[in-house]
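This report describes a protein structure, with attention to backbone geometry, aromatic pairs, helices and pockets.

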Amino acid sequence: MYNTSKFESKLFQLGIKLSGAQIQQFIRYYEILTEKNKVMNLTAITEFDEVIDKHFVDSLSLVKAVDLNQDMNKELTVIDVGTGAGFPGIPLKIAFPGLEIVLLDSLNKRISFLNDVIQDLHLEGINAYHGRAEDYGRNVSFREQFDLCVSRAVANMSTLSEYCMPFVKVGGQFIPYKSGSISEELKQAQKAVKLLGGCLDHTETYILPDTDIERTLVVINKKEKTKKTYPRKAGKPAKEPLGCSMGTSDHKN
């Protein structure tokens, strides 16, 4: 029914090889996504090849910044903040089942959808939680508990860093997925990243395989614990991104 040869070719270019069962999980995920999308807004992208490129391959391109095949006897703990319809968390779980993944989203309807996907695909070691990052970032069960925090959420880097850095262990990494030119955004976020205990390691800019879609992964290392002041109360990081609220010149035009 679905021709997955292009998908497998694109994954090969990323150094990823999936079993037949894993390919079937991706197909089933696509079917659940597009069916549920008829009754709730999950994605504007529904055509099979587009979902492959802009959701599945895009999510899995994390391998350009992190070796997910490292010693999987040590289960890498990952939190996906603002996961939406499950990107990048669910594709990462399907492709790298050894990962321990938490999906976090502020909309309960999406959490219900994600739990349906997790159950239907028989995924283990992955849990979805409903709530705001500012609240969960202060919860001792989640704060500084993760090796890796990822996010494809649409927010400026200063705001996104305040949402995400509190979840990362010292020695771990926060890696947001970005598109378009991000040099100015990175410059504006430097103070926020430092205040939150991180430092920019490097960026990985690339074109998604066999497309003209440019993406950047921003690799931020957690060097020290995040001060208890952060994250600020819900809504504050978006309204007053770190830097501009503190009277610096790091403001958005």
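## Backbone geometry

Asp210 is exposed, with a relative accessible area of 56%; exposed stands for over 50% relative accessible area, buried for under 20% and partly exposed for the range in between, with a 1.4 Å probe and protein chains only. The phi angle of Asp210 is near 60°, a positive value in a residue other than glycine, and Asp210 sits in the loop between strand 6 and strand 7. Helices (H or I, at least four residues) and strands (E, at least two) are DSSP runs numbered from the N terminus. The model is predicted, so local features need pLDDT of at least 70 and side-chain atom pairs count only at pLDDT 80 or more, while totals for chains, interfaces and linings use all residues. Residues are numbered from 1 along each chain as its sequence is written, and side-chain values use heavy atoms, with hydrogens and water left out.

Glu144, in the loop between helix 6 and strand 4, also has a positive phi, near 55°. Glu144 is buried, with a relative accessible area of 15%. A cis peptide bond with omega of about 10° joins Phe87 and Pro88, and Pro88 belongs to the loop between strand 1 (77-81) and helix 4. Another cis peptide bond, with omega of about 0°, joins Tyr230 and Pro231; Pro231 is in the loop between strand 7 and helix 9 (236-239).

## Aromatic pairs

The structure holds 14 aromatic pairs. Rings of Phe, Tyr and Trp (its six-membered ring) pair if their centres lie within 6.5 Å; planes under 30 degrees apart are stacked, those over 60 are edge-to-face and the rest are tilted. The ring centres of Phe7 and Phe26 are 5.2 Å apart and their planes stand at 80°, so this pair is edge-to-face. Phe7 in helix 1 (residues 5-13) and Phe26 in helix 2 (residues 20-36) are 19 residues apart, and their pair links distant parts of the chain. Both Phe7 and Phe26 are buried. Ring pairs join Phe7, Phe26, Tyr29, Phe56 and Phe87 into a cluster.

The 17 residues of helix 2 should span 24 Å at 1.5 Å a residue, and its end C-alpha atoms are 24 Å apart, which agrees; the expected span is 1.5 Å times one less than the number of residues. Buried residues of helix 2 include Phe26, Tyr29 and Tyr30. Their cover includes helix 1, helix 3, helix 4 (89-95) and helix 5 (108-120), where contact is taken as heavy atoms within 4.5 Å.

Helix 3 is mostly covered, with ten of its 13 residues buried. Among them are His55 and Phe56.

## Pockets

The largest pocket has a volume of about 560 Å³. On a 1 Å grid over the protein atoms alone, a pocket is an open set of points where a 1.4 Å probe fits, with protein on both sides within 12 Å along at least five of seven lines; lining residues have an atom within 4 Å of a point. Grid points are joined across faces, edges and corners, and a volume is the space filled by probe spheres set on the points. Of the 24 lining residues, His55, Phe87, Arg152, Ala153 and Val154 lie nearest the centre of the largest pocket.

The second largest pocket has a volume of about 230 Å³ and is lined by 14 residues. Strand 2 (100-105), helix 6 (133-136) and helix 7 each give two or more residues to this lining.
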